[in-house]
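Got the chain open and wondering where its labels come from? Let's take a few of them and check each against its cut-off.

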Amino acid sequence: CSKLEKWLEFVNPTGVVLIFSSFYINNPSSMFGHTFLRIINSRDPLTDSGVNFAANPDTDNMIVYTYKGLTGLFEGKFSLLPYSLKVQEYNNSESRDLWEYELNLRKEQTLNLVLSLWEVGDNRIDYYYFDENCSYILLTLLDTANDDFNFASKFWLWVNPSDTLRVVYAFPNLIKSVSFRPSSEKRFRFRYSLLNAEEKNLFVSILDQKIPLEELKNKSSKSSAAKVLDAVSEYIDYKENLAGTEESKKYPVFRKQLLKTRASLAVISSSLQIEPPMEDRPEKGVPGGRIGTSFSHSSSAGNALDLELIPVLHNLESPSLGY
């Protein structure tokens with residue numbers, strides 16, 4: 001098949017990375033996190049192919065949306081697109097951390113998975129919010145790489161993305177390495193932490209446009225000015241959820257002048273040496289579902305025996321590790 005050969009040459013699969021996009025409370029459909037794949041092509045990671053499965057909603061009506069999501073009436077499809085676009089969407093637009101788990105797959109196992117993706121193509125797969133959702137269908141694709149996996153068979157009533165990650169992580173010798181891509185918020189906080197007291201005052205003055213950008217060169221050294229402008233730029237991108245070539249709505253002209261002034265300094269920015277927050281690693285958290293009992297006594301209400309069933313996520317009394 002000449003089309004398949006050209007497609008395989010384009011994708012050039014040499015490995016697979018499982019990606020977990022952190023919990024995003026601003027969107028109900030993403031508040032449990034999200035998983036997708038990156039097909040390594042041995043070039044720059046941002047040029048790798050991202051494999052995503054998602055529903056295509058066709059309504060904005062809340063009641064209809066809920067009904068269709070629960071009954072499988074939404075069309076679900078796989079998509080293959082540059083990983084850089086997924087980084088822009090999750091890291092920048094939604095300020096979500098990305099955890100990347102490189103899988104220890106042999107060459108033929110990687111090819112099995114990619115060929116399965118080709119076979120499914122853009123055919124419709126009914127999308128069910130509770131069980132046959134983005135993470136479950138992704139597990140069924142991952143299962144095609146190795147007959148010993150059978151990850152999807154471990155779920156039946158509901159599928160929580162972080163739980164699927166824990167199942168994959170627990171498979172012996174499957175995870176080769178773990179890396180971390182910080183969100184736009186974490187990038188800004190890191191840039192701001194590099195500033196001393198005087199530079200933080202300049203940061204506020206520049207952001208409030210109380211000091212002309214050209215005067216910054218006279219008030220500090222080039223390296224100091226570069227740190228301040230880097231922090232201001234990261235702040236604007238974070239607060240306005242800017243991704244790619246999107247332009248600022250609050251600072252349209254100022255941001256362009258800011259970038260132009262920053263470029264004129266000809267100083268290389270400090271590297272983003274952000275340590276992965278171990279307390280946020282999703283596979284370290286306790287499983288999403290919980291069942292338990294508790295006994296209480298009060299002088300007014302007497303004795304009480306409470307039964308608790310929590311299908312996903314937890315309350316404030318639960319361990320926060322991984323969440």
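Q: Why is Thr59 called buried?
A: Buried means under 20% relative accessible area, with exposed over 50% and partly exposed in between (1.4 Å probe, protein chains only). Thr59 has 17% relative accessibility, so Thr59 counts as buried. Keep in mind that this is a predicted model, where local features need pLDDT of at least 70, side-chain atom pairs count only at pLDDT 80 or more, and totals for chains, interfaces and linings use all residues. Residues are numbered from 1 along each chain as its sequence is written, and side-chain values use heavy atoms, leaving out hydrogens and water.

Q: Where is Thr59, and which residues does Thr59 touch, not counting residues up to four places away in sequence?
A: Look in the loop between strand 3 (49-56) and helix 2 (62-71); helices (H or I, at least four residues) and strands (E, at least two) are DSSP runs, numbered from the N terminus. With that sequence limit, Thr59 touches Val64, Tyr65 and Phe74, where contact means heavy atoms within 4.5 Å. A polar atom of the Thr59 side chain also sits 3.0 Å from the backbone nitrogen of Asn61.

Q: What makes helix 6 mostly covered?
A: Eight of the ten residues in helix 6 (residues 161-170) are buried, among them Pro161, Leu165 and Val168. The cover includes strand 1 (15-21), strand 2 (34-40), strand 5 (98-103), helix 5 (134-143) and strand 7 (175-181).

Q: How does the reach of helix 10 compare with what is expected?
A: The expected span is 1.5 Å times one less than the number of residues. Helix 10 (residues 222-239) has 18 residues and reaches 26 Å from its first C-alpha to its last, close to the 26 Å expected. Helix 10 is mostly covered too, with 13 of its 18 residues buried.

Q: Why is helix 10 called roughly antiparallel to helix 11?
A: Their axes come within 10 Å and cross at roughly 150°. Angles under 35 degrees count as roughly parallel, over 145 as roughly antiparallel, 65 to 115 as roughly perpendicular and the rest as oblique. That makes helix 10 roughly antiparallel to helix 11.

Q: Which residues meet where helix 10 packs on helix 11?
A: Those from helix 10 include Ala226, Leu229 and Ile236, and those from helix 11 include Phe254, Leu258 and Arg262.

Q: How much of the whole chain is buried?
A: Buried residues make up 44% of the 323 residues, in a chain with eleven helices and nine strands.

Definitions and conventions
Polar contact = N/O pair within 3.5 Å; in protein donor to acceptor, adjacent residues only side chain to side chain. Axes fitted to C-alpha atoms, helices over the stretch in contact; angles between N-to-C directions.
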